[in-house]
Amino acid sequence: MGSRGRSLLAASVLLLAGCATTTGGGSVAPTTTAPTTTPSSAGAATTAGAAGVAGAATGCHSRVETTSLPDWADTGFHGGSSGPHVVGAKGDIVAVLFAHPLRQVRKDGSNNKILWVARASTTSPDPTAPAALVITATLDGTDTRVTREVAGGPGPSIIDMPQAGCWHLDLRWSGHTDTMDLVYAP
């Protein structure tokens, strides 16, 4: 490799070393951790893989809305159906955030309550698919991944994450899928 190639490589390493994602008032710096086991909201243990730089951070793309919920998601709400919520990328599920902002550590005794509301499907769900809402969450810019389950499918839940930052959620329930990003503040 010539001196120009080494210079470009060194500049790239410096650029990547200085990258961090700022979300929800916190900074998520690349870290490395040993695999850990963390409890899910349903009480089952899940494993987080080794964290590390997985490439350039992509950022959080799902906005927290404070307007009215979509018409299909407001059943059961009385006296107005507005409040903090995030709609899935495909528009098939909504996360109604009863604790906003979501926090990695809640010092006030409250919890990260999320009500998951799925759009009624025009197609029959897959009868062989598990009814639980399975959430595979990946911390932005890392390999840190955790799995959470909401027994019985979309509904009320307490969803905690092991680190603050932007979490990319892959959501699966009854043969349906959607994605969204949620930010957890420190």
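Modeller: A contact means heavy atoms within 4.5 Å. Of the contacts in the chain with a separation of 6 or more, 53% are accounted for by residues 24 or more positions apart. This is a predicted model, in which local features need pLDDT of at least 70 and side-chain atom pairs count only at pLDDT 80 or more, while totals for chains, interfaces and linings use all residues. Residues are numbered from 1 along each chain as its sequence is written, and side-chain values use heavy atoms, with hydrogens and water left out.

Biologist: How many helices and strands does the chain have?

Modeller: There is one helix, and there are 13 strands. Both are DSSP runs numbered from the N terminus: helices are H or I with at least four residues, strands are E with at least two.

Biologist: Which strands form the open sheet, and in what order?

Modeller: The open sheet has four strands in the order β5-β6-β8-β11, with antiparallel pairing; two strands pair if DSSP finds at least two bridges between them. Because β5 (85–87) and β11 each have a single partner strand, they stand at the edges, and one side of each is left without a neighbour in the sheet.

Biologist: What joins β11 to β8?

Modeller: Three bridges join β11 to β8 (residues 113–118) in the antiparallel sense. Within this pair, lysine 113 stands opposite isoleucine 158 in β11.

Biologist: Where does isoleucine 159 lie, and is it buried or exposed?

Modeller: Isoleucine 159 lies in the loop between β11 (156–158) and β12. It counts as buried because its relative accessibility is 0%; buried means under 20% relative accessible area, exposed over 50%, and partly exposed in between, with a 1.4 Å probe and protein chains only. Its C-alpha atom is separated by 7.3 Å from that of arginine 148, 11 residues apart along the chain.

Biologist: And for the chain, what share is buried?

Modeller: Buried residues make up 34% of the 186 residues.

Biologist: Turning to β12, which strands does it pair with?

Modeller: β12 (residues 165–173) pairs with β9 (residues 133–139) over six bridges in the antiparallel sense, and threonine 136 stands opposite aspartate 170 in β12. β12 also runs antiparallel to β13 (residues 176–185), with nine bridges between them; here cysteine 166 stands opposite valine 183 in β13.

Biologist: What lies between β12 and β13?

Modeller: Two residues lie between the strands of that hairpin, in which serine 174 takes a positive phi near 45°.
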